[in-house]
Each structure stands twice: as structure tokens, then as C-alpha cells.
Amino acid sequence: MGSDMQRAATTAQYRRTHKFRTGVGKMLVRLIWISGFLTVTLATLLSTHLFPALHSVFRSRPSFSELSKLQTKQGEFGVQSSSKLSWTRESTTPHLSRLAQNSQKLWKAAPSRGFNPCVKPSESYEAPGESRGYLLVHTNGGLNQMRAGICDMVAVARIINATLVIPELDKGSFWQDSSNFSDVFDEEHFINALANDVRIVKRLPKEFSFFNKAVKHFRSWSGVEYYQEEIAPLWQEYNVIRAAKSDSRLANNNLPPDIQKLRCRVHYDALRFAPHIEAMGELLVERMRSYGPYIALHLRYEKDMLAFSGCTYGLTTAEADELTAIRESTPYWKVKEINSTEQRAKGLCPLTPKEVGIFLEALGYPPSTPIYIAAGEIYGGDHKMAELASRFPTLIRKEKLAHAELTPFMSHATQMAALDYIVSVESNVFVPSYSGNMARAVEGHRRYLGHRKTIIPDRKALVSLFNKIDRGQLRDSKRLSAIITEIHKKRQGSPRKRKGPISGTRGRERFRTEEAFYTNPLPDCLCQNGSSYNPVEHRSTGLNTTTAQILLDGNMEKSI
């Protein structure tokens, strides 16, 4: 019996011990589960709030806007939270300071050295005298070719003392645009702004419409003497002179200072775009700026440019044949036989989208850089744009920034080109792939507005480098980046005098090799001793967003 009682006690003790151990085990399991849950929760919180901030601080290629947000007053980079969490200069400054400096350098314009617009007439400048007759002007070319021609014809009207009839825009060019002057430009402002310079009327008076007209092709790059001695005497027989063409009819250099300043007053103030174009341009600029600092890329890789220039590098045989056929069938393109290889080697071809991508990457612009494509339809479409897009995915066209709002402009190439012009002038950096009329006009306008950063690719030098890459003699590497950066140090829009003719050229060919007047208005219209007259405060209008939207809602209706 005693042994039975002992066994019973032992069994009870075993049960109590087992129950205790089981309880402890369950408690440990609960603790382990709770610990795991807290670990996962903490990791989630860190990955959501903390690690992205660390990533934006330490990633190798931050954007300019991100660096600006991270930089503190003390020069530290970090994330500030309610718990005062921060990463101080001690551990991150050497790396991040270089990134900040490099990023800022990419967007910073060259010093303007105090140059400002100075286009006020001299004290001896007089109001227009009694008109001797009417000057009719038929402009030719795309938007910016016509703009330059109109500005020159205003100066010619002043020289020969003519009343200028509002110019007729080119409706028969490659772009087949039916727009009239008032559809593209602010006609009333144009007339009023030039009231002290030239008499301007909207149309030829009816009583003169039946008079005989002297139709003249004014000589290219002519000076004041030509117009005074050969054109002005026509007033003795005619009351109306018609200029059959308007482009390049006035010399770039060696004209009276007041005539040069007049050309600038027309180009940068009087020849303002129509209100509905200004309004739409303002909205596009605002929407583009929402992406941060941006590059405006004038990508001249449209069918008309490639056909005109004879540049077929990288194209298929079928594509090259199509472009050749277009060139041969266009009567006003005089040169028909073009060696594409020689053209490209001389730097006379537009850069391809792929080459532009290599170029911008070599200059140091990160893949996140927003790029506005100022261009018409790219020849070859998305296929040709693929390599540029692979390096810079944020490629933006006006059609992406505005959808239904662009509908009234879509069938008018000149008005679409005007929108590209506005967004390009207002960009942080402007890069043209070819030195066409728009590229030159935008470059000159940006110089006039304070020498905004404009990077002009040295196409001849770049083609030589790209050919080496194609042959495997040079890699797309840090060495290539260093070479391209060095080549373009002095090609970023810093102040300099307009270039004269290329040494060795003779006769009228010398004028063709000069830098165009509207590409660089220095020294005629930019002075280092302050500005006595500056008609352009911001761009062309200064419309705010509300005004712009009202104009678009109430009055909505390309080119080289």
C-alpha cells in the first residue's frame, strides 16, 4: 500500500512538471511569434519611410531637384523627421557635394558678363517721313525663315521710306500651311510697336491694286547702298514694289547701328506671336517645368530635313531612296546630287536620335532628365527613337503635355512650330541637333534674354568620335565623356561677338559663311554698360496661367 501511494505521488508530480513545461513552451512560441511580427512590422516601416530617403541620398545619380530638397542650410544632406533623425556632413559630404556641384553645373548658364539689351534708337533717329509708296512682301520658308525675313523687310521699308503692307506668309512650301499673318502673329501689336519706325497697313488700298507693280528679287545680303541706289529709284515709276522673297535680303554686318537695333526691336518685341499661341505656349512651359529642370531638344530628324540635306546615315536603302525622290521632285531645292557620307563627315548632317543620346549622356545628364522634343514627326518613328529613349526615358512632346487643347493647332505646321519655339526659348537648356533656322533663332533669342544655356554640338568632331565607336576603336566610356565635355566647354552660349566670314572665302560666298544676325545679336543689340531699353521682360507675353486658359477657351482655333 505504501508503494502504491508513492507511485501516485510520483505520477502527480510528473503531470505538474509536464504541464508547467508545456505552458513555458507555449509562452516561448508566443514570444517568438510576437518578436517575428514586430520585426516584420519594423522592417515595413523602415522600407516605407526611411530607406527611400537613404536611397535618394546615396544613389549615384540623383536629380538636381532631389539634391536641392535634401540640402540643408548647413550644407548637410539628409532626412529630417519628427524624431530629429538626420545624417550629417561628417559621413556623406565628400560624395554628395560632388554630386550637387555636378548637377548644378549641368543646368547653370555661362556668366552673361553684364550684357543686356540696348536697342533704343539714337538721338538722331527720326519718325518715318512721307511715304513714297507701298512695299508688298511675300515671305518664304518655314516659321523662323519667315520671321527673319519679316524683320529684315521692316528695316528695308525704313531704308527706302516705304509703307509696309502686312506680309503674306508662305502657303506653298513643303508644310502647306494656310495660316495668315494674324493667325500666327499679333497684328495689332506689330503695327503699334513700330509706329515710330515704319508705317504699316493691313492691306494695300484698293485704289493701288490696279497699279503696275515692280516685282523684284532683292539681292541677298545687301547693304543700305543697294536699297538706296537700286531699289529706291523705282519710286519714280512705281507706287508699289513687291518683294518676291524675304529671306537673307539684308546683310548681317556693316549696317547703320539704328538699322541693326530696329531689326532687334522687331524680332524680340514687335513680332510677337498671336495671343492664342502665346497662351498655349505658356501652358506647355508650365507643364514642362512641373517635371523639373528640362532640356529642349530641337531634333531635326524629320523627313523634309533628311531629304533636303541628303543625309541617309543609318537608314535603309528603301528609306534613302524615298528621301532622294522627295529631293529630286522639290523644285525649289536646287542641290539634287548629295554624297551623304561626305556631308556627315563635314558635320553638315543632323545628329541621329541615337547620337544625341550618346552626346547628352557623355555631358553628364542623368537618365531621369526630362527632355522636350521640339520637332515634327520623326522619320522612322519609335524605331528610330528607341536608343535615345533607352538612355533618356522621359521624352516629352507637346502632344503629351496637351491633348484636346492642341486640336486647333494640329493642322497648322507654322503654329505648331511657334509652340516649340516658345518652349525652347524658356527651357533650362537648349540643344539643337542641327543648325537650321529655328536653332539659330532660338539661340539668338536666348542670348538676348541673358545668355541662357544653349549647347551647340560640334557635329564634325562628334561624327569622328561616333565613327570610332562604330569601328570598335573607342568605347562609350568615361574617356569619351571627358573628350566630349572638353570639346563643348566653350559652346554653351557664353557672350561673344558675332562671327565674320570664314577665312579664304571670296565674293558673295563670304556673306553665306558669316554667322547670321539673328543667331547672335552681339555687339549691335547687347551692351555691357547696362540697358537703355528692354522691351522683353520675360518672353513675349508674361501671361499668367489663368489668362492663358481664358484665351485658350475663348479663342482656340513647323518648320525649319
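Visitor: Why does W221 count as buried?

Guide: Please keep in mind throughout that this is a predicted model. W221 has a relative accessibility of 15%, and the word buried is used for values under 20%, so W221 counts as buried. W221 sits in the loop that runs between strand 5 (213–216) and helix 7 (224–231). Its phi is near 50°, which is a positive value in a residue other than glycine.

Visitor: How do you know that A251 is buried?

Guide: The relative accessible area of A251 is 7%, and the limit for buried is under 20%, so A251 is buried. A251 belongs to the loop between strand 6 (240–243) and helix 8 (257–270). Leaving out residues up to four places away in sequence, A251 touches W221, S222, G223 and R263. A251 and S222 are 29 residues apart in sequence, and their C-alpha atoms are 5.0 Å apart in space.

Visitor: What makes S248 partly exposed?

Guide: S248 has a relative accessible area of 32%, and since partly exposed covers what lies between buried, under 20%, and exposed, over 50%, the term partly exposed applies to S248. S248 is also found in the loop between strand 6 and helix 8, and its phi is positive, about 55°, although S248 is not a glycine.

Visitor: Why is V201 called partly exposed?

Guide: The value for V201 is 26%, and because the class runs between under 20% for buried and over 50% for exposed, V201 is called partly exposed. V201 lies in strand 4 (residues 200–201). Apart from neighbours within four places in sequence, V201 is in contact with Y134, T163, L164, V165 and I166. For V201 and V165, which are 36 residues apart along the chain, the C-alpha atoms are separated by 5.0 Å.

Visitor: Is L526 buried or exposed, and how do you know?

Guide: L526 has a relative accessible area of 3%, and buried means under 20%, so L526 is buried. L526 lies in strand 11. Setting aside neighbours within four places in sequence, its contacts are F115, N116, P117, C118, R447, Y448, H451 and P521. P523 is found in the loop between helix 20 (509–512) and strand 11 (526–527), and the peptide bond from L522 to P523 is cis, with omega near 20°.

Visitor: What makes helix 13 roughly perpendicular to helix 19?

Guide: Helix 13 (residues 353–363) and helix 19 (residues 478–487) pack at an angle of about 90°, and their axes are 8 Å apart. Angles of 65 to 115 degrees count as roughly perpendicular, so helix 13 is roughly perpendicular to helix 19. In this contact, I358, F359, A362 and L363 in helix 13 meet L480, S481, I484 and T485 in helix 19. Sorted by class, the contact of helix 13 with helix 19 has six nonpolar, two polar and no charged residues.

Visitor: What makes up the lining of the largest cavity?

Guide: The lining of the largest cavity consists of Y301, L306, C311, Y313, R344, C349, P350, L351, T352, E355 and V463. These residues divide into eight nonpolar, one polar and two charged. Arg and Glu count as charged, and the lining includes R344 and E355. About 80 Å³ of space lies in the largest cavity.

How values were computed: Residues numbered from 1 in each chain as written. Predicted model: local features only at pLDDT ≥ 70, side-chain atom pairs only at ≥ 80, totals over all residues. Heavy atoms only, no water. Axes fitted to C-alpha atoms, helices over the stretch in contact; angles between N-to-C directions. Helix = DSSP H or I, 4+ residues; strand = E, 2+ residues; numbered from the N terminus. Parallel < 35°, antiparallel > 145°, perpendicular 65-115°, else oblique. Contact = heavy atoms within 4.5 Å. Buried < 20%, exposed > 50% of the residue type's maximum accessible area, 1.4 Å probe, protein only. 1 Å grid on protein atoms, 1.4 Å probe; cavity = no way out; pocket = protein on both sides within 12 Å on 5 of 7 lines; lining within 4 Å. Points joined across faces, edges and corners; volume = space filled by probe spheres on them.
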